[in-house]
Amino acid sequence: MKRTEKASKLRDECGSSLNIDEANIQPFDVRVSPDVSFMTDMHCHLSNSEVIGLLGGDYDEVEKCLYIQAAFPCKSTARSDSGFTDVEMDSVSQLSVNEAIRRQGMKVVGWYHSHPKFQPDPSVTDIDNQNLYQNLYGREVPFVGLIVGTYDGTSDLYLFFHIFSRL
Ligand SMILES: [Zn+2]
């Protein structure tokens, strides 16, 4: 379905009183390989502290679809807190994982981290980091953030997010 058709369908479903136009619908689709779920699930359950990594994949401009093909664990920076909040990516690890992703013919299309103790909603720090990463990686392809909530104990919760400016 084309973007204009999506906007029209949303307008029909939600009523004409809502101001729904192309600017208000999701700018691209996201498709995720089962390999990503497998790797992030395993990585995020290895520690009671937050863990972090990068996502590799590619973007289809015609389909307007971001394909996330693989997850790559990264080291986090040393921390002085209890280790449960605001994980940061080690810059040396980030560079080497960037290279590993590119060597496999993929682009860096996102980052992930875990929330082992609370809901997978982005914190202010997460949004700041997403903004930084989007400016760094998001010039060529869309760049998304993924938060894996592992606190439940029965099933993981996955939340993808992306920031865009209305300016
Ligand atoms: Zn977070």
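**View 1. Asp60 of strand E2 and Cys65 of strand E3 face each other in a predicted model.**
Asp60 stands opposite Cys65 in E3. The model shown in this and every other view is predicted. Strand E2 covers residues 52-60, and E3 covers residues 65-74. The two strands pair in the antiparallel sense, over 9 bridges. Gly53 also has a bridge partner in E3, namely Pro73.

**View 2. Strand E1 pairs with E3 in the parallel sense.**
E1 spans residues 29-32. Its pairing with E3 runs over 4 bridges. Arg31 stands opposite Tyr67 of E3.

**View 3. Six strands form an open sheet with mixed pairing.**
The strand order is E1-E3-E2-E4-E5-E6. E1 and strand E6 (157-161) are the edge strands, each pairing on one side only. Neighbouring strands of the sheet are turned by 30° against each other on average, direction ignored. The protein chain holds 4 helices and 6 strands. From the N terminus on, its elements run α-β-α-β-β-α-β-α-β-β.

**View 4. Helices H2 and H3 lie across strands of the sheet.**
H2, residues 34-44, lies across E1, E2, E3, strand E4 (107-115) and strand E5 (144-149). H2 runs at about 30° to E3. Helix H3, residues 91-103, lies across E2, E3 and E4. Its angle to E3 is about 135°.

**View 5. H3 has a buried side and an exposed face.**
H3 has 13 residues and reaches 18 Å from its first C-alpha to its last. That is close to the 18 Å expected at 1.5 Å a residue. Which residues of H3 are buried? They are Gln94, Val97 and Ile101. These residues cover an arc of only 70° around the axis, which puts them on the same side of H3. An α-helix has 3.6 residues a turn, so residues three or four places apart point the same way. The buried residues of H3 pack against E2, E3 and E4. Val92, Leu95, Glu99, Arg102 and Arg103 are exposed, on the face of H3 turned away from its buried side. Just after H3, Gly105 takes a positive phi of about 80°.

**View 6. Helix H4 is covered on its buried side by elements including E4, E5 and E6.**
H4 runs from residue 124 to 137 and has 14 residues. The helix reaches 20 Å from its first C-alpha to its last, close to the 20 Å expected at 1.5 Å a residue. The buried residues of H4 are Asp126, Asn129, Gln130 and Tyr133. Seen down the axis of H4, they fall within an arc of 105°, so they line one face of the helix. The face turned away from that side carries Val124, Leu132 and Asn135, which are exposed.

**View 7. The largest nonpolar core has 25 residues.**
Leu54, Leu55 and Val109 have the most contacts inside this core. H2, E2, E3, H3, E4 and E5 each supply at least two of its residues. The largest share, 5 residues, comes from E3. Leu55 touches Val36, Ile68, Ala71, Val109, Gly110, Trp111, Tyr112 and Leu146, leaving aside residues up to four places away in sequence. Buried residues make up 26% of the 167 residues in the protein chain. Among contacts with a separation of 6 or more, 65% join residues 24 or more positions apart.

**View 8. Ser114 is a residue of strand E4.**
Is Ser114 buried or exposed? With 27 C-beta neighbours inside 10 Å, Ser114 counts as buried, because the cut-off is 20 or more. Ser114 touches Cys44, Glu50, Val51, Val148 and Thr150, not counting residues up to four places away in sequence. Ser114 and Tyr151 are 37 residues apart in sequence. In space, their C-alpha atoms are 9.3 Å apart.

Technical notes. Residues numbered from 1 in each chain as written. Predicted model: local features only at pLDDT ≥ 70, side-chain atom pairs only at ≥ 80, totals over all residues. Pairing = 2+ DSSP bridges. Axes fitted to C-alpha atoms, helices over the stretch in contact; angles between N-to-C directions. Contact = placed C-beta atoms within 7 Å. Expected span 1.5 Å × (residues − 1). Buried ≥ 20, exposed ≤ 12 C-beta atoms within 10 Å, placed from the backbone. Arc of directions from axis to C-beta. Core = buried A, V, L, I, M, F, W, Y, C linked by C-beta atoms within 7 Å.
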